[in-house]
Amino acid sequence: MKKKLYIKLLRIRQRMGIFWPLMINGTVLFVIFILGSLGYKYVEGWSLFDGFYMVLITLSTIGFGEIHPLSEQGKLLTSAVIISGVVYFALLIGYFVQLASEGRVFQMMRRRRVDKAIAALSGHCVLCGFGLVGRVVAAELAADGVDVVVVETDDKKAEEIESAGYFLVLGDATSDSVMMRVGLDRAKALVASMSNDPANVYVVLSARAMNPDLYIVSRASDNRHISKLKTAGANRVILPHMIGGQSIAQAIQRPLVESFMHRSNTNDEVLLDEFLVSDTSPLVGKSLAEAALTRSHDVIILAIKSQDSPILQKTRADTVVQAGDVLLVAGSKIHLQGLNEMM
């Protein structure tokens, strides 16, 4: 019984956070007021209101004096009220001052405001880790209009994250309570971009258990951890150092190809994009020759992935587009946007 009560108190304390000491001190002061008021009633024969007023002016140290003459027992009672009450009253005020000076009250208000905003999100991306890789991921996703919720332990990055327009949840991404706060059940994707591979494995494993339909991309620092991350539930595993090395080699051997693959996002430059064909698209049931996308939208269909095939396939003029197909397309930004409206 005692153990259950202790566990229940621990849970209440954890939920209340910084307000727990306030509740304890406030409860003690309330008890002092009740006992003091009753004490004056039975020791001095005063009314409960007079007793309450006496305790109030005593604890607040206003110094109005005794509202009625005190007996020896009354003076002892008043001394007890002063010794016990003033100490707790001072502690309560001191804690309020500490909270205000440290800005913890404002932090709590900001956290509640962010949690409320995240609760209204749907189809967003959760980014765990705002390092060198995470910054680029967040910027690219935001540029495509995706809401980004960043989970980060370093509060020194808070200003940078919030000023960039991302939602911030300060906490450990390996904590289930933190992952529940980011609305993982409504998110469309999660990126585990922490530099610690075992931490990424744990985050991927927890996220997959919380949302089986979530698309998960994880960063890895070592080839040996790729299989572990995929087993944990990652759809894709990226090795930044390998991609960087390949890009440098391409820049030396094939500078034009490297320039195309790492394009700047201008309106006239040729870009690569992918499009999912919906059931209502006018392309459904047409061959690529009949669709004539090269003439109507000035784009090139490089490859197509059908629902029945996990790999990209070469396109031919007689290739028929079906709902659920994914088209890999090259074209300028403006023409790709026009094609997107047909999907």
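Trainee: What makes strands S7, S10, S8 and S9 an open sheet?

Mentor: In this predicted model, local features need pLDDT of at least 70, side-chain atom pairs count only at pLDDT 80 or more, and totals for chains, interfaces and linings use all residues. Residues are numbered from 1 along each chain as its sequence is written, and side-chain values use heavy atoms, with hydrogens and water left out. The four strands have the order S7-S10-S8-S9, with antiparallel pairing. Strand S7 (271-276) and strand S9 (313-314) are the edge strands, since each pairs on one side only.

Trainee: What lies across S7 and S10?

Mentor: Helix H15 (residues 333-340) does, running at about 5° to S7. Such an angle runs from 0 to 180 degrees between N-to-C directions, and the axes are lines fitted to C-alpha atoms, for helices over the stretch in contact. Contact means heavy atoms within 4.5 Å.

Trainee: How many helices and strands does the protein have?

Mentor: It has 15 helices and ten strands. These are DSSP runs numbered from the N terminus: helices are H or I with at least four residues, and strands are E with at least two.

Trainee: Why is Ser-193 called buried?

Mentor: Buried means under 20% relative accessible area, exposed means over 50%, and partly exposed is in between (1.4 Å probe, protein chains only). Ser-193 has a relative accessible area of 4%, so Ser-193 is buried. This residue lies in the loop between strand S4 (189-192) and helix H9 (197-210). Not counting residues up to four places away in sequence, Ser-193 touches several residues, including Leu-127, Cys-128, Gly-129 and Asn-200.

Trainee: What makes the approach of Ser-193 to Gly-129 a polar contact?

Mentor: A polar contact is a pair of N or O atoms within 3.5 Å; within protein, one must be able to donate a hydrogen and the other to accept it, and residues adjacent in sequence count only if both atoms are side-chain atoms. A polar atom of the Ser-193 side chain lies 2.7 Å from the backbone oxygen of Gly-129.

Trainee: Is Asn-200 buried or exposed?

Mentor: Asn-200 has 0% relative accessibility, so Asn-200 counts as buried. Asn-200 is placed in helix H9. A polar atom of its side chain lies 2.7 Å from the backbone oxygen of Met-194.

Trainee: Why are Glu-160 and Arg-135 said to form a salt bridge?

Mentor: A salt bridge is a side-chain nitrogen of Lys or Arg within 4 Å of a carboxyl oxygen of Asp or Glu. For Glu-160 and Arg-135, the N to O distance is 2.8 Å. Glu-160 lies in helix H7 (residues 158-163) and Arg-135 in helix H6 (residues 132-143), so the pair ties together parts that are 25 residues apart in sequence. Glu-160 is partly exposed, because its relative accessible area is 34%; Arg-135, at 27%, is also partly exposed.

Trainee: How many salt bridges are counted by this rule?

Mentor: The count comes to four. Among them, Lys-157 and Glu-152 meet at 3.9 Å, N to O, and both of these residues are buried. In another, Arg-186 pairs with Asp-185, the closest N and O atoms being 3.6 Å apart. Side chains of opposite charge can pair when their charged atoms come close.

Trainee: What makes Asp-185 exposed?

Mentor: Its relative accessible area is 57%, and Asp-185 is therefore exposed. Arg-186 has 27%, so Arg-186 is partly exposed.

Trainee: Why does Thr-280 count as exposed?

Mentor: Thr-280 has a relative accessible area of 72%, so Thr-280 is exposed. Thr-280 lies in the loop between S7 and helix H13 (288-291). Its C-alpha atom is separated by 8.1 Å from that of Ala-323, 43 residues apart along the chain.

Note on methods
Two strands pair if DSSP finds at least two bridges between them.
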